[in-house]
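This note is intended for a colleague who is meeting the structure for the first time. The points below begin with its principal pocket and then turn to the helices, the aromatic rings and a few individual residues.

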Amino acid sequence: MLNQIPTEVYLIITTVGAFLMGLLAMFVRSKAAKKPASVKKIILPPLFMSTGAFMFIFPFFRVAPIQILEALAVGILFSTVLIWTSKFEVRDGDIYLKQSKAFVFILFGLLLVRVVGKVVLSSSIDIGELGGMFWILAFGMLWPWRISMLWQYKKLEAKNKSAVPI
């Protein structure tokens with residue numbers, strides 16, 4: 001059934017979906033910065049995203065080992081930009097994620113690079129494999145970023161607790 005749908009249709013649907021998810025991420029991130037951060041808020045997104053690995057049950061989405069490594073490498077590279085722009089601060093005794101003016105532009109830039117990459121690669125890589133690769137890329141981008149955020153949060157939390165007089 002999936003093979004009967006033209007590749008161009010998949011490409012359009014996934015590109016529109018990627019832009020909508022990017023916009024949603026920007027909106028959620030801006031709202032989240034108004035509330036104190038927590039370990040749960042840092043850890044849950046990658047755990048929820050990990051359920052997407054079930055896509056690899058279907059042969060349509062499976063990728064070769066070299067493609068896994070390539071996608072992970074690009075994801076980790078992209079994560080460095082997100083790590084660089086994600087900082088925490090203490091306000092009124094709580095820890096908040098700092099609003100970075102560059103974050104929205106960086107997230108949009110990464111999204112644009114991914115979409116252009118998908119369009120270019122769709123001519124040489126099967127659309128199902130490409131979907132799998134881009135999920136791996138996103139997963140490889142999210143995990144290092146969130147681990148870094150957790151490390152920064154815990155470090156600031158320990159410093160904040162030791163600075164509070166009893």
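This is a predicted model: local features need pLDDT of at least 70, side-chain atom pairs count only at pLDDT 80 or more; totals for chains, interfaces and linings use all residues.

1. The lining of the largest pocket comprises 50 residues, and those nearest the pocket centre are Met 21, Gly 22, Ala 25, Met 49 and Leu 142. A pocket is here an open set of points on a 1 Å grid over the protein atoms alone, where a 1.4 Å probe fits, with protein on both sides within 12 Å along at least five of seven lines; a lining residue has an atom within 4 Å of a point. The space in this pocket amounts to about 1500 Å³, a volume being the space filled by probe spheres set on the points, which are joined across faces, edges and corners.

2. Residues are numbered from 1 along each chain as its sequence is written, and side-chain values use heavy atoms, with hydrogens and water left out.

3. Which helices supply at least two residues each to the lining of the largest pocket? They are α1 (7-32), α2 (39-50), α4 (101-121) and α5 (127-163). The greatest contribution comes from α1, with 13 residues. By class, the lining holds 37 nonpolar, five polar and eight charged residues; Ala, Val, Leu, Ile, Met, Phe, Trp, Tyr, Cys and Pro count as nonpolar, Asp, Glu, Lys and Arg as charged, and the others, Gly among them, as polar.

4. The protein as a whole has five helices and two strands, arranged from the N terminus as α-α-α-β-β-α-α. Helices (H or I, at least four residues) and strands (E, at least two) are DSSP runs, numbered from the N terminus. The C-alpha atoms fill a box of roughly 65 × 30 × 25 Å along the principal axes. Of the 166 residues, 35% count as buried, where buried means under 20% relative accessible area, exposed over 50% and partly exposed in between (1.4 Å probe, protein chains only).

5. Among the buried residues of α1 are Tyr 10, Leu 11, Thr 15 and Ala 18. Gly 22, one of the residues nearest the pocket centre, is also buried.

6. Five aromatic pairs are found in the whole structure. Rings of Phe, Tyr and Trp (its six-membered ring) pair if their centres lie within 6.5 Å; planes under 30 degrees apart count as stacked, over 60 as edge-to-face and the rest as tilted. The pair of Phe 60 and Phe 61 is edge-to-face, because the ring centres are 5.0 Å apart and the planes stand at 85 degrees. Phe 60 is buried, at 15% relative accessible area, whereas Phe 61 is partly exposed, at 22%.

7. Phe 139 and Trp 143 also form an edge-to-face pair, since their ring centres are 5.8 Å apart and their planes at 70 degrees. Both residues belong to helix α5, where they are four residues apart, about one turn of the helix. Ring pairs join Phe 56, Trp 135, Phe 139 and Trp 143 into a cluster.

8. The loop between β1 (88-91) and β2 (94-97) contains Asp 92. Is this residue buried or exposed? Asp 92 is exposed, at 78% relative accessibility. Its phi is near 55 degrees, a positive value in a residue other than glycine. Most residues other than glycine have a negative phi.
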